[in-house]
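This report walks through selected side-chain pairs, a helix packing and a sheet. Please keep the model open alongside the text.

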Amino acid sequence: MQDVIIIGAGPCGLSAAIECQRRGLHTLILEKNCLVHSIFSYPTHMQFFSTAEMLEIGDIPFVSPNEKPFRHEALAYYRRVTQHYGVHIASYEEATRIERQPDGTFIVHSVTRSGEKWEYPTRYVVISTGYFDHPNILGIPGEDTDKVTHYFQEAHPYAGMKVAIIGGSNSAVDAAMELIRVDAEVTVVYRGKEMSESVKPWVKPVFESMVNKGKIKLLLESRVIEIHKREVIVESVDMREKTVLPNDFVLALTGFRPDRKLMLDAGVEMSGEMEKPVFNPETMETNIPGIYVAGVIASGRNANEVFIESGRDHGRLLAEHISDLLSDKA
């Protein structure tokens, strides 16, 4: 039997595993994709908002020549930390159900990429799943066509194409800036009166300059209401004006939401408009004794509330609590 099974091998799940292992707990991570999949899914050339120091886990220095590290540096860093601590990870194995036993322990059910099903008995469970697999859907005609994606990797496939970007945050701005470098014809459509305040301060003035020079078309207080093969229909938020844009591709960079099914099925309660899981912030334990949360999943639908720099400490809190519980039982 495992002492702790952690579901999700993102930075916060890794941090939780390291803190548990430091206290002598037998720990296994189940990860349905690859190590730090959310970071892998970021745009290829993305630069973090945080400094390297704020992304560190396990007291391992993150050395970077850049004040703000890039995606490829973070991937290498988290691989190195995983190897350093010998973290046990079952990659490409999805946890499908958490079954509580009469004695208060759990069985975590999983399925591998090849369809094999496994059952893991464990004393405690930590849910540290992210949110990147579940984009916010617009629910408009044409959104399910192959010209639309909720993920932006790099600009090359869109060279010389007419691209509409839906969104007003960092992901939309970063994509627009990359796309104009490959001579894409870029239109950013956003429902707000101005771009998000969260846009990186060193990028925002450059983006605004490109808009002012006409290299990026910006439609504020607007939304895409229909997507067709060769065009998109944009409507002002007051519904007084419609615009038809010639279009080849749509990047719907509208954010993501966490998948709460695993928690709900296990009996974890949600509270408030943001549907946060109910948990003790001093221990990260939910209303179900023995089930803990770590990382962005603790923030409910507000994915911008918890970042790596804040979620990485969740592991220490829960590991201390679990260690104390096991000591009391010994």
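## Salt bridge Arg 316 to Glu 320

Arg 316 and Glu 320 join their side chains in a salt bridge, 3.4 Å from N to O. A salt bridge here is a side-chain nitrogen of Lys or Arg within 4 Å of a carboxyl oxygen of Asp or Glu. The two residues are four apart in helix H8, so about one helical turn separates them. Arg 316 is partly exposed, because its relative accessibility is 31%. Glu 320 has 32% and therefore also counts as partly exposed. The classes rest on relative accessible area: buried is under 20%, exposed is over 50%, and partly exposed lies in between (1.4 Å probe, protein chains only). Salt bridges with shared partners tie Arg 316 and Glu 320 into one network with Glu 19, Arg 22, Arg 23, Asp 59 and Asp 313.

This is a predicted model: local features need pLDDT of at least 70, side-chain atom pairs count only at pLDDT 80 or more, and totals for chains, interfaces and linings use all residues. Residues are numbered from 1 along each chain as its sequence is written, and side-chain values use heavy atoms, with hydrogens and water left out.

## Other salt bridges

The structure holds 13 salt bridges. One of them is formed by the side chains of Glu 19 and Arg 23, at 3.0 Å from N to O. Glu 19 is buried, because its relative accessibility is 11%. Arg 23 reaches 29% and so counts as partly exposed.

Asp 174 and Lys 200 also meet through their side chains in a salt bridge, with an N to O distance of 3.0 Å. This pair links distant parts of the chain, 26 residues apart. Asp 174 sits in helix H4, while Lys 200 lies in the loop between strand E9 (185-189) and helix H5 (204-212). Both Asp 174 and Lys 200 are buried.

## Helices H1 and H8

Helix H1 (residues 11-22) packs against helix H8 (residues 314-329) at about 35°, and their axes are 8 Å apart. Axes are lines fitted to C-alpha atoms, for helices over the stretch in contact, and angles run from 0 to 180 degrees between N-to-C directions. Helices (H or I, at least four residues) and strands (E, at least two) are DSSP runs, numbered from the N terminus.

Which residues meet? From H1 come Ala 16, Glu 19 and Cys 20; from H8 come Gly 315, Arg 316, Leu 318 and Ala 319.

## Sheet E11-E12-E13

Three strands form an open sheet in the order E11-E12-E13, with antiparallel pairing. Strands E11 (222-227) and E13 (242-246) are at the edges with a single partner strand each, so one side of each has no neighbour in the sheet. From one strand to the next, the twist averages 30°.

E11 pairs with strand E12 (residues 231-236) in the antiparallel sense over five bridges. Pairing requires at least two bridges found by DSSP between two strands. Glu 226 stands opposite Ile 233 in E12.

## Around Ser 169

Ser 169 lies in the loop between strand E8 (162-166) and helix H4 (170-180). Its relative accessibility is 26%, so Ser 169 counts as partly exposed. Leaving aside neighbours within four places in sequence, Ser 169 is in contact (heavy atoms within 4.5 Å) with Ser 196, Ser 198 and Val 199. Pro 205 is 36 residues from Ser 169 along the chain, and their C-alpha atoms are separated by 14 Å.
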